[in-house]
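Visitor: I am new to this one. Could you show it to me and then take my questions?

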Number of protein chains: 2
Amino acid sequence: MEQTDVQGLLLRVLEVLHKSGALSPVEDSKVIEFHQPQDLEEILSDFSLNESCSESRLLELVEQTAKLSVRTGHPMFFNQLYGGVDKYGLVGALVSEALNTSAYTHEVAPVFSLSEREVIKASLKLVNFKDGDGIFSPGGSISNMYGIVVSRYKKFPNVKQTGLFSLPPLVLFTSQESHYSITKGAHWLGLGTDNVVKVKCDDRGRMIPSELESAIARASSEGKVPLMVNCTAGSTVLGAFDPLEEVAEICQRLGIWMHVDACWGGTLLLSAKHRNRLAGIEKADSVSWNPHKMLGAPLQCSLFLLKHGELLKLCNMAGATYLFQKDKMYDPSYDSGDKSVQCGRKVDSFKLWTLWKARGNLGLGALVDHAIDMSIYFLEKIKGRPGFKPVLAEYETTNICFWYVPPRLRDQPETEEWWEQIHKVGPTMKKKFTEEGVLLLGYQPLEYRELKNFFRMVVTCHPPRSKEQMDRVVELFEKYGSEL
Amino acid sequence: MEQTDVQGLLLRVLEVLHKSGALSPVEDSKVIEFHQPQDLEEILSDFSLNESCSESRLLELVEQTAKLSVRTGHPMFFNQLYGGVDKYGLVGALVSEALNTSAYTHEVAPVFSLSEREVIKASLKLVNFKDGDGIFSPGGSISNMYGIVVSRYKKFPNVKQTGLFSLPPLVLFTSQESHYSITKGAHWLGLGTDNVVKVKCDDRGRMIPSELESAIARASSEGKVPLMVNCTAGSTVLGAFDPLEEVAEICQRLGIWMHVDACWGGTLLLSAKHRNRLAGIEKADSVSWNPHKMLGAPLQCSLFLLKHGELLKLCNMAGATYLFQKDKMYDPSYDSGDKSVQCGRKVDSFKLWTLWKARGNLGLGALVDHAIDMSIYFLEKIKGRPGFKPVLAEYETTNICFWYVPPRLRDQPETEEWWEQIHKVGPTMKKKFTEEGVLLLGYQPLEYRELKNFFRMVVTCHPPRSKEQMDRVVELFEKYGSEL
């Protein structure tokens with residue numbers, strides 16, 4: 001084993017990443033070099049673990065990794081609700097990886113505790129929670145679980161000690177269009193997925209307030225306890241925003257906790273132009289937001305924000321004396337650990353801090369505005385264009401959903417059989433795009449609306465896209481779809 | 001805003017980190033430059049977020065961050081169950097940060113899905129689970145929650161749908177010495193902290209099997225359902241190993257799930273010499289292990305391992321069609337997302353993969369052996385040395401716990417008042433060490449044994465310590481403690 005020092009080793013890694021083109025993928029490179037998993041296993045047969053390898057061999061394997069990984073920072077990557085990473089976010093990530101510590105106490109994370117406080121303060125300002133508090137969590141699913149747990153603690157503080165066994169069923173309300181983490185959370189937290197009521201949506205994927213109200217009445221009449229309404233601000237597939245003001249009115253009137261899953265759409269709060277899409281969020285009790293999505297903070301970066309700041313610690317504290325000694329040499333209110341369900345906790349705040357610090361509120365807002373402009377540009381471009389059939393006539397977040405109709409299927413009655421053929425366009429074109437490495441974007445059916453497979457193109461802040469790149473996507477559809 | 005490219009920017013960050021000494025802290029540097037949090041807030045007053053800053057200013061703030069952060073990789077850092085980072089682990093961390101993707105599907109993480117499979121395969125081999133499966137989770141607390149949730153699903157699969165409301169209380173058994181994550185998990189998962197039975201320990205901090213058996217009988221006689229026994233392999237404070245063989249016999253006989261929290265001590269499985277400390281772990285149903293602790297994988301790196309591999313997906317799946325399409329172009333069994341409670345999931349496997357690949361099984365075993373040798377060396381050195389009073393006569397993991405008795409308190413009867421003075425030695429000396437920046441190590445009381453504050457010195461694999469460094473700790477105690 002050679003003895004390169006850390007600095008030397010990391011420099012070599014950076015060089016490998018740079019040379020491979022993975023650090024800032026250019027448009028004429030491939031977004032992915034696709035192999036079937038079984039074939040990839042053969043190509044990467046030296047990935048098995050047992051014997052040691054030399055540093056040079058390790059770097060060769062890193063090179064192979066960079067070459068064969070998906071380039072999420074490629075201009076033609078529109079596949080997920082995240083994409084390329086903000087370079088200033090990457091600065092913070094590198095620093096926190098190298099300094100390797102846990103966020104639980106000020107004692108071992110003095111600077112990172114402060115950066116966490118600053119980012120939480122700035123985020124609370126975005127949602128306008130005046131005496132709020134917050135915590136970084138390892139992702140949106142867990143942030144949403146925080147919402148459920150805190151709402152339960154508020155209503156039934158004894159659950160912390162005695163569990164759910166003697167209680168009537170507690171019910172969560174969320175839209176049909178909402179993210180599956182609410183269901184997963186209901187399972188883990190002991191509520192059960194049957195106690196998640198999926199409230200009907202309008203044709204833009206937004207929860208219908210009157211449907212919510214009937215659903216709540218129905219649950220109450222069955223002897224169940226309505227615990228929490230989860231609103232979605234930017235849904236996963238359609239990008240829909242639930243009507244926060246109207247839901248807030250219902251929640252306040254009926255005394256039900258209002259949580260907003262703004263993991264995806266919360267980033268619009270940074271834009272003076274678009275933040276009104278989330279009007280009413282300040283009336284919520286809690287909010288989840290993932291800066292690792294649209295904004296390009298390195299994965300993972302998720303925040304749980306709470307209006308009733310004092311509840312976070314009360315709810316989650318265990319008071320472990322080996323970590324939170326009462327006779328510390330500093331004010332232990334600077335320790336965040338007792339607010340978290342975790343013990344050791346990765347420092348996720350610093351990369352958001354570097355990103356925010358370097359770009360400022362205005363810079364972040366400009367990035368968001370640009371991403372939205374590009375998605376609107378794309379939507380307008382495909383509207384009425386032969387072969388493109390948008391799922392929604394208006395843009396919602398930066399998800400642009402559409403069917404692609406190959407020439408041979410155009411101008412035909414939309415029979416069941418016709419739709420079956422459209423359904424296959426998704427996997428067929430995705431396969432072509434992926435095998436050629438020219439474009440990566442997703443497709444899915446939408447079962448609650450009985451919609452057949454359609455494409456979902458997601459525009460994120462990084463890399464900032466150009467109109468020419470959006471045009472290129474249209475061209476690729478027309479090129480690859482012409483002979484389907 | 002200057003326009004440095006990613007590569008250039010990261011090179012400058014590496015240089016700043018290197019120059020600050022934070023990448024490989026040397027012994028004669030400070031382990032921490034301590035400031036009271038309020039003072040630090042003043043020093044870092046430019047940490048507030050609003051306006052953008054230049055790249056050079058950002059790098060100055062990074063420099064300040066490196067200077068004022070705790071150096072967990074310093075030879076005199078013995079404060080937590082983690083420490084310095086393995087440089088090969090850091091290679092993997094840098095690569096996965098730069099390639100920024102989520103572990104949920106093979107589609108967006110082709111190479112990382114395979115590295116995850118390889119690491120899980122190698123880890124299952126360590127615990128000897130033949131048809132097992134596993135998943136990376138964001139830390140030991142959540143890995144332990146996986147154990148509770150899967151055990152519950154196995155016994156009461158309907159809980160997933162209907163919740164806990166109609167069930168008799170489900171009870172978890174764990175030792176008095178175990179980690180508080182079991183209690184936090186019981187709260188979150190709806191079982192309630194009252195349904196966590198703390199089983200009595202022997203004088204080395206190990207669960208007493210006969211006490212476990214009586215506790216189980218007691219719960220059953222009260223109409224409760226014994227769900228899971230959590231064994232600790234390497235406890236947080238004393239480093240104790242519960243008797244796995246004996247607990248396994250009880251669990252098998254009574255049909256109770258056996259989980260092993262090996263977050264700390266699991267790393268001993270890598271050592272041919274010391275792995276017998278965990279004899280019987282192959283009889284467990286599930287195991288948690290944190291390579292980010294003793295082994296020095298970058299935080300966060302935690303594994304949940306399950307003997308009954310097929311249960312993981314059954315338990316946790318939600319089958320979101322926008323992510324796990326049934327008509328994918330590749331075999332979707334390569335997608336790991338439905339095994340997880342998370343949706344987006346940070347790639348934590350690759351850094352463990354690079355670390356393991358570079359060092360090999362033997363190299364990792366040698367690092368572990370050396371860490372244990374150094375902790376035994378330290379324990380032997382302080383045994384019988386004036387002023388040092390070990391809490392346990394034998395080493396357990398690499399936690400060495402001891403009281404330090406200043407000269408004026410030596411050779412005196414150990415009255416209550418004497419202990420009150422010893423109790424204050426912990427915070428007093430910690431304050432001195434920290435303010436001088438010469439040593440960082442922890443102290444705590446152990447309330448269930450009514451033990452007053454004692455020091456806990458934790459030896460991890462990085463940096464590998466020398467005998468001279470262990471001697472240095474003794475010298476520092478004698479130097480700073482002589483006039484207490």
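**A guided look at a predicted model**

Guide: Helices H13 and H14 of chain A are roughly perpendicular to each other (under 35 degrees counts as roughly parallel, over 145 as roughly antiparallel, 65 to 115 as roughly perpendicular and the rest as oblique). Residues are numbered from 1 along each chain as its sequence is written, chains are lettered from A and ligands numbered from 1 in the order written. The model is predicted, so local features need pLDDT of at least 70 and side-chain atom pairs pLDDT 80 or more, while totals for chains, interfaces and linings use all residues, and side-chain values use heavy atoms, without hydrogens and water.

Visitor: At what angle do H13(A) and H14(A) pack?

Guide: H13 covers residues 416-436 and H14 residues 467-481 of chain A (helices, H or I of at least four residues, and strands, E of at least two, are DSSP runs numbered from the N terminus). Their axes are 10 Å apart; axes are lines fitted to C-alpha atoms, for helices over the stretch in contact, and angles run from 0 to 180 degrees between N-to-C directions. The angle is about 110°.

Visitor: Which residues of H14(A) take part in that contact?

Guide: Contact means heavy atoms within 4.5 Å. The contact residues divide into five nonpolar, one polar and two charged (Ala, Val, Leu, Ile, Met, Phe, Trp, Tyr, Cys and Pro count as nonpolar, Asp, Glu, Lys and Arg as charged, and the others, Gly among them, as polar). From H13(A) come A:Met429, A:Lys432, A:Phe433 and A:Glu436, and they meet A:Leu476, A:Phe477, A:Tyr480 and A:Gly481.

Visitor: Which strands stand at the edges of the open sheet in chain B?

Guide: This sheet has seven strands in the order E2-E8-E7-E6-E5-E3-E4, with mixed pairing (two strands pair if DSSP finds at least two bridges between them). The twist averages 20° from one strand to the next. Two strands have a single partner each, so one side of each is left without a neighbour in the sheet: E2 (133-137) and E4 (196-199).

Visitor: In that sheet, which residue in E6(B) stands opposite B:Cys231?

Guide: E5 (residues 225-232) and E6 (residues 257-261) of chain B pair in the parallel sense over five bridges. Opposite B:Cys231 stands B:Val260.

Visitor: Is E6(B) enclosed or open, and how many of its residues are buried?

Guide: Buried means under 20% relative accessible area, exposed over 50% and partly exposed in between (1.4 Å probe, protein chains only). In a regular strand the side chains alternate between the two faces of the sheet. In E6(B), B:Trp257, B:His259 and B:Asp261 are buried on one side, and B:Met258 and B:Val260 on the other. The strand is largely enclosed by the rest of the structure, because the buried residues number five of the five.

Visitor: How many residues of H5(B) are buried?

Guide: H5 (residues 110-127) of chain B reaches 26 Å from its first C-alpha to its last, close to the 26 Å expected at 1.5 Å a residue (the expected span is 1.5 Å times one less than the number of residues). Just after this helix, B:Asn128 takes a positive phi of about 60°. H5(B) is largely enclosed by the rest of the structure, since its buried residues number 15 of the 18.

Visitor: What is the relative accessible area of A:Val91?

Guide: A:Val91 sits in helix H4 (residues 87-99) of chain A. Beyond its neighbours within four places in sequence, A:Val91 is in contact with A:Thr354, B:Leu9, B:Leu10, B:Val13, B:Leu58 and B:Val62. A:Val91 is buried, and its relative accessible area is 0%.

Visitor: Is B:Phe47 buried or exposed?

Guide: B:Phe47 lies in the loop between helices H2 (37-43) and H3 (55-68) of chain B. Its contacts beyond four places in sequence include A:Phe350, A:Trp353 and B:Leu61. At 1% relative accessibility, B:Phe47 counts as buried.

Visitor: What is omega for the cis peptide bond between A:Leu299 and A:Gln300?

Guide: Most residues other than glycine have a negative phi, and most peptide bonds are trans. A:Gln300 is in the loop between strands E7 (286-289) and E8 (302-306) of chain A. For the cis bond that joins A:Leu299 to A:Gln300, omega is about -5°.

Visitor: What phi does A:Glu450 take?

Guide: A:Glu450 lies in the loop between strands E11 (440-446) and E12 (451-458) of chain A. At 70% relative accessibility, A:Glu450 counts as exposed. Its phi is positive, near 55°.
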